[in-house]
Amino acid sequence: MNVIVVGLGYVGSVAAAALAEAGHRVLGVDKEPRVIEALRDGRPLIHEEGLAELVARCMAAGRLEFLHTSEVDRLDQETGLVCVGTPGLPTGGPDLSQVREALRWLKARATGPLVVAVKSTVPPGGGLHLMRQELSDSRLEYVANPEFLREGRAVHDWFYPDRIVIGARDRKASEQVAALYEGIEAPRVFTDITSAEVIKYAANAFLATKISFINEIANLCDKIGASVDDVVAGISPDPRIGPLFLRPGLGYGGSCFPKDVRALDFISLVNGHNFELLRSVISVNNRQRILPVHALREVFGSLVGVPVALLGLAFKPGTNDVRESPALEIMRLLAEQGAEVRVTDPMVRWDDLPETWGARFHRDPMEALAGARAAILVTEWPQLVGLEWPRVREVMEEPHLLFDGRNALDPGLLVSLGFRYRGVGRPRVSSVEGQAPS
Ligand code: UDX
């Protein structure tokens, strides 16, 4: 099939390359010249495992091409994918202006009938609305085709999805979109446009709810001296609960969960439904990221002049994305309270951060840790979890406070090395066996 992909962020660039790999002829367009230049050079701006190789291979095979939106004035493709952003508005609802713009752009250039699969996260009811407003007098057919790609694993997730959701009002259009995924083994869910939109939000909100739920259990464990690790081990063998998305810590970040949960709350309100549960999910998540600041205040009293190392900036390992990363909020709070903040991350580009609140960046984690009195593990990068902890103990200063914001470290080992260890919902371990923990 001949396919046009509009918007080449992490969803669009992966979709374009993966569809070309599957044998389709794909044109990818974006309005950002540097995105196009980077992809043409085989160096995508976003870090996605396997993407650069896939792009290079498909371009060399002649099935994948990238153009700036201004370079295209007519389109002969029969299928389009819209993969532009839908950022959150201050009200909580999503901003659909980029989707609207993409539909207009396609409409102005399509030379024949065009089935448009919208992968951007559009709120329930938004697709029908856009269709009526933008496409009523055109030969474009709107199909909701939400994506469930995880950042850092997006190429893998494209080829091995848990399901493919296609929401359309026309069976032929559904089948045309389904044909894009031929050869991929996964259940197909065919539905109407609005239900497909709800599926996307329900999936993200449910996963976010699991995370906030286990964080609340962890907070309770902290209060009563129980172990959340053991609780998870005890509940997750039940297939009705399962082991995934039960990792307690500093909560969820990224470009999807925070925005989509807020948007679902907003959309519910607008439609006359008070979705109380979501409000709690959001407030638990906001609270989690403040935990390390409380822990430091408890130990140091005032944080003025206290050297603190933040280990990790990305919202999760395997990506250089810092959108809604707990690290930014922690960095801001520590800096505001006068701490001397040093930050490390193996992949994030410091110069791209919108604000750094006077913190200093060190690519080498040992440099960030040298002389620090406290360290906070924010992102469980393997290279940070696997630091040489005896050496870290040597370069840090008293009281060697280590806040493990992802419960990714071994408390027994760290305490035996002389660290003062704090996890989330993990019992406090004493360095002298049998002695009451501090
Ligand atoms: C998510 C969804 O998984 C994906 O299906 C959707 O398309 C986009 O949003 P992503 O944002 O890439 O993907 O990250 P994910 O791996 O799901 O993690 C989201 C956040 O939750 C991260 O900040 C992660 O650290 C946190 N998390 C995840 C937890 O705190 N605990 C967990 O148990 C799991």
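Predicted model: local features only at pLDDT ≥ 70, side-chain atom pairs only at ≥ 80, totals over all residues.
The backbone takes part at Leu 149, where an N or O atom is 3.0 Å from a ligand oxygen. A polar backbone atom of Arg 247 is likewise placed 2.8 Å from an oxygen atom of the ligand. At Lys 200 the side chain is involved instead: an N or O atom there is 3.4 Å from a ligand oxygen. As for the ligand's surface, on its own the ligand has 670 Å² of accessible area, and the protein covers 95% of that area.

The next topic is the pairing of charged side chains. The model contains 29 salt bridges, and a few of them may be followed in detail. One of these joins the side chains of Arg 40 and Glu 71, with an N to O distance of 3.0 Å.

Another salt bridge links Arg 323 with Asp 321, and here the closest N and O atoms are 2.9 Å apart. Arg 323 is partly exposed, at 46% relative accessibility, while Asp 321 is buried, with a relative accessible area of 9%. In the pair formed by Arg 342 and Glu 340, the side chains meet at 2.8 Å, N to O. In this pair it is the arginine, Arg 342, that is buried, at 11% relative accessibility, and Glu 340 is partly exposed at 39%. Salt bridges can also share partners, and in this way Arg 100, Arg 104 and Glu 134 are joined into one network.

Two single residues complete the account. Phe 159 is located in helix α6, which covers residues 154–159. With a relative accessibility of 26%, Phe 159 counts as partly exposed. Apart from neighbours within four places in sequence, Phe 159 is in contact with Ala 18, Glu 21, Leu 54 and Ile 184. Between Phe 159 and Gly 28, which are 131 residues apart along the chain, the C-alpha atoms are separated by 19 Å.

Asp 404 is found in strand β13, residues 401–404. This aspartate is buried, with a relative accessibility of 0%. A polar atom of the Asp 404 side chain lies 3.0 Å from the backbone nitrogen of Asn 407. When neighbours within four places in sequence are left aside, the contacts of Asp 404 are Leu 377, Leu 409, Tyr 421, Arg 422, Gly 423, Val 424 and Arg 426.

Methods:
Residues numbered from 1 in each chain as written. Heavy atoms only, no water. Polar contact = N/O pair within 3.5 Å; in protein donor to acceptor, adjacent residues only side chain to side chain. Areas by Shrake-Rupley, 256 points an atom, 1.4 Å probe, with all protein chains shown as cover. Salt bridge = Lys/Arg side-chain N within 4 Å of Asp/Glu carboxyl O. Buried < 20%, exposed > 50% of the residue type's maximum accessible area, 1.4 Å probe, protein only. Helix = DSSP H or I, 4+ residues; strand = E, 2+ residues; numbered from the N terminus. Contact = heavy atoms within 4.5 Å.
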